[in-house]
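Biologist: Please take a close look at one strand and its partners, and then at the separate sheet described alongside.

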Amino acid sequence: MPSSAKTSFLSLNHWSAGDKPKMADFNSDNQKVDSALQGHVQNTGLHLSGNQSAWIAQPFVSGSYTGDGAATRAITLGFRPALLLLQAQEHGPLELDTVNQNPVLRFAIGADGQGSTGLALTATGFTARQAQSNPLTGLSKICLNEKNVVYRYFAIRPAG
């Protein structure tokens, strides 16, 4: 015999001393609980995916590398950045080479899969370029991997 009272939300049996529970009553309650939990757990609007949880735990990374002077330098982050800022430490974003009369570019930004001059976003991080010779007078010299210069980056992970 089912209980003489029920819980208010799931209508589960609420036993009192005079009730005589049967296995069917417990099985019925277990099915109600199982169905309610299944609906909750499978509701993707209520729960974060694994990628979303990882993003909340660490939405960005920052780091540095020391330039080696090569024409390109690949930096692996493990993801394609949603936004990336790259700057030479102890240098301005754009400086003037007074000897060759060229602007020297030491800053780059990337977003939506695209990078500014000298920067390419990749599936696993980014690639920075370094000019191997001086450009024509007045054109910018890309210096994002200059030998012995420290570069700092800040990368936001894609959400979800």
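Modeller: Six bridges join strand β5 (residues 83-88) to β13, and the two run antiparallel. Strands here are DSSP runs of E with at least two residues, numbered from the N terminus, and two strands pair if DSSP finds at least two bridges between them. The model is predicted: local features need pLDDT of at least 70, side-chain atom pairs count only at pLDDT 80 or more, and totals for chains, interfaces and linings use all residues. Residues are numbered from 1 along each chain as its sequence is written, and side-chain values use heavy atoms, with hydrogens and water left out.

β13 itself spans residues 150-156, with Tyr151, Tyr153 and Ala155 on its covered face and Val150, Arg152, Phe154 and Ile156 on its uncovered one.

The open sheet has three strands in the order β4-β11-β10, with antiparallel pairing. β4 (72-76) and β10 (119-122) stand at its edges with a single partner strand each, so one side of each has no neighbour in the sheet. From one strand to the next, the twist averages 20 degrees, where axes are lines fitted to C-alpha atoms and angles run from 0 to 180 degrees between N-to-C directions. Four bridges link β10 to strand β11 (residues 125-129) in the antiparallel sense, and Thr122 stands opposite Gly125 in β11.

Conventions. Buried < 20%, exposed > 50% of the residue type's maximum accessible area, 1.4 Å probe, protein only.
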